[in-house]
Amino acid sequence: MTLAATELCLRAAAVTLLLVLAASMFADFRDVLAGRLVIAFALGAAAHAVTASIGAGPPISVWHAPLIALSTGDIVVFWLFTRALFDDAFALRWWHGLIWAAVVTFSFVNCMWIAPSGHAQAAITTVNLLTLVFIALAVTQTIRSWSADLVERRRRVRVFIVVASALYGGMNALLQIAYAGSRVTVEWANLLNAGVLAAIVAGITWAMMRVDGADLFAAPVEPVIANSQPAAMEEAADQKLVNALMRLMADERIYRQDNVTIGTLATRLKIPEYRLRRLINQRLGYRNFNVFLNNHRIEEAKAALADPTQAEVPVITIAMDAGFQSLGPFNRAFKATTGVTPTEYRKLKAKAA
């Protein structure tokens, strides 16, 4: 089998698996933001598998250019997908769509006018540098929020995403830049590109068969602030640890401390971090450690804002006393939890008194 034929088979395999993945996600998780984004990413990756080429290829037709543009825009979808997958509070904004549209439009203009006008090397280099920027954003976000993630299986998915992003996304972009001025199609590079893509897509498909999709795409469980009652079959040892944890939060108010981490609490409870993550996730219903802390901070702030004797205390003082480092994050977290701003909450409580 020739290199070209092998490459075609690998491309076809990648496209088939991506379409199957998109169909599976649509059937089970089309109502979840991360699920919808992975569907969009799979379709964009299929367009990439069809159009990706290292070095010179045939002239780009008016029908081929939109596929290349969608393929380029897929890196924005990938960035947004990592945000939605690992941040349960993430929501799409209008400017996210604007960024995607700008990247797609820029790629289309590159294909139709800039590259054919004799600036192919500059056009290809610019697009792939842009791709590397979004890969870096996605990887940075994935690593930065790692420690706060309480869902064990989702934590392991982060490793795969970081490795796959660096391996394929980085390799493809660097090869494109290296051979941007080539006047011939580089067959070995295209074969390598198609082979790595097919392997990664196969890995994603295999992982989705082994990992419970609800761990990745389920909506966050409503958290419990305190006095959580154990389930009938809950182990006594776990319940004892949960009680000790709640005492740290309610009595010592450890959430007020600067830079408190899950390691800090695990040390105080004298248990491994992985066990504490499991307890907070499975026993108390939280998927993110920072949300767990902030809910306790907000409960304290709510009590202070509703207290008539603290009516003259500035909101920022209440926020800082509860453990927030600045007013902006406090206002956003408070409104996300209660539906109103701290000032509005204080006024409502004053009227009701």
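How many salt bridges does the structure hold? There are 13 salt bridges, a salt bridge being a side-chain nitrogen of Lys or Arg within 4 Å of a carboxyl oxygen of Asp or Glu. Several of them are stops on this tour.

This is a predicted model, in which local features need pLDDT of at least 70, side-chain atom pairs count only at pLDDT 80 or more, and totals for chains, interfaces and linings use all residues. Residues are numbered from 1 along each chain as its sequence is written, and side-chain values use heavy atoms, with hydrogens and water left out.

**The whole chain**

Show the protein chain as a cartoon. It has 15 helices and zero strands. Both are DSSP runs, numbered from the N terminus: helices are H or I with at least four residues, strands are E with at least two. Of the 353 residues, 43% count as buried. Buried means under 20% relative accessible area, exposed over 50%, and partly exposed in between (1.4 Å probe, protein chains only).

Accessible areas come from the Shrake-Rupley method with a 1.4 Å probe; for residues, only the protein chains shown count as cover. Contact means heavy atoms within 4.5 Å. Among contacts between residues at least 6 apart in sequence, 72% join residues at least 24 apart.

**Helix H1**

Select residues 3–29, which form helix H1. At 1.5 Å a residue, its 27 residues should span 39 Å, and the end C-alpha atoms are 38 Å apart, which agrees. The expected span is 1.5 Å times one less than the number of residues. The buried residues of H1 include Glu-7, Ala-14, Leu-21 and Phe-29.

Stop at Arg-11, which is found in helix H1. Is Arg-11 buried or exposed? Arg-11 is buried, with a relative accessible area of 15%. A polar atom of its side chain lies 2.3 Å from the backbone oxygen of Ala-52. Leaving aside neighbours within four places in sequence, Arg-11 is in contact with Ala-49, Val-50, Thr-51, Ala-52, Ser-53, Asn-190 and Ala-194.

Move along H1 to Leu-18. Leu-18 counts as buried at 4% relative accessibility. Beyond its neighbours within four places in sequence, Leu-18 is in contact with Ala-42, Ala-45, Ala-46 and Val-201.

**A nonpolar patch**

Select Val-50, Leu-67, Leu-70 and Trp-100. Together they make a nonpolar surface patch of about 330 Å². Patches are made of residues with over 30% relative accessible area and no salt bridge; like charges are joined within 9 Å, nonpolar side chains (Val, Leu, Ile, Met, Phe, Trp, Tyr) within 5 Å. Trp-100 lies in helix H4 (residues 94–114). Trp-100 is partly exposed, with a relative accessible area of 33%.

Where is Ser-145? Look in the loop between helix H5 (120–144) and helix H6 (152–178). Ser-145 is buried, with a relative accessible area of 16%. A polar atom of its side chain lies 2.9 Å from the backbone oxygen of Gln-141. Leaving aside neighbours within four places in sequence, Ser-145 is in contact with Phe-86 and Arg-158. Asn-288 is 143 residues from Ser-145 in sequence but 9.2 Å away in space, C-alpha to C-alpha.

Follow Arg-158 next. It forms a salt bridge with Asp-149, the closest N and O atoms being 3.1 Å apart. Asp-149 and Arg-158 are both buried.

Select Asp-238 and Arg-283. Their side chains meet in a salt bridge (2.9 Å, N to O). Asp-238 lies in helix H9 (residues 236–250) and Arg-283 in helix H11 (residues 273–283), so the pair ties together parts that are 45 residues apart in sequence. Asp-238 is buried at 6% relative accessible area, whereas Arg-283 is partly exposed at 27%.

Finish at Lys-302 and Glu-299. They form a salt bridge, with the closest N and O atoms 3.3 Å apart. Both lie in helix H12 (residues 289–306), three residues apart, about one turn of the helix. An α-helix has 3.6 residues a turn, so residues three or four places apart point the same way. Lys-302 is partly exposed, with a relative accessible area of 21%. Glu-299 is partly exposed too, at 31%.

Definitions and conventions: Polar contact = N/O pair within 3.5 Å; in protein donor to acceptor, adjacent residues only side chain to side chain.
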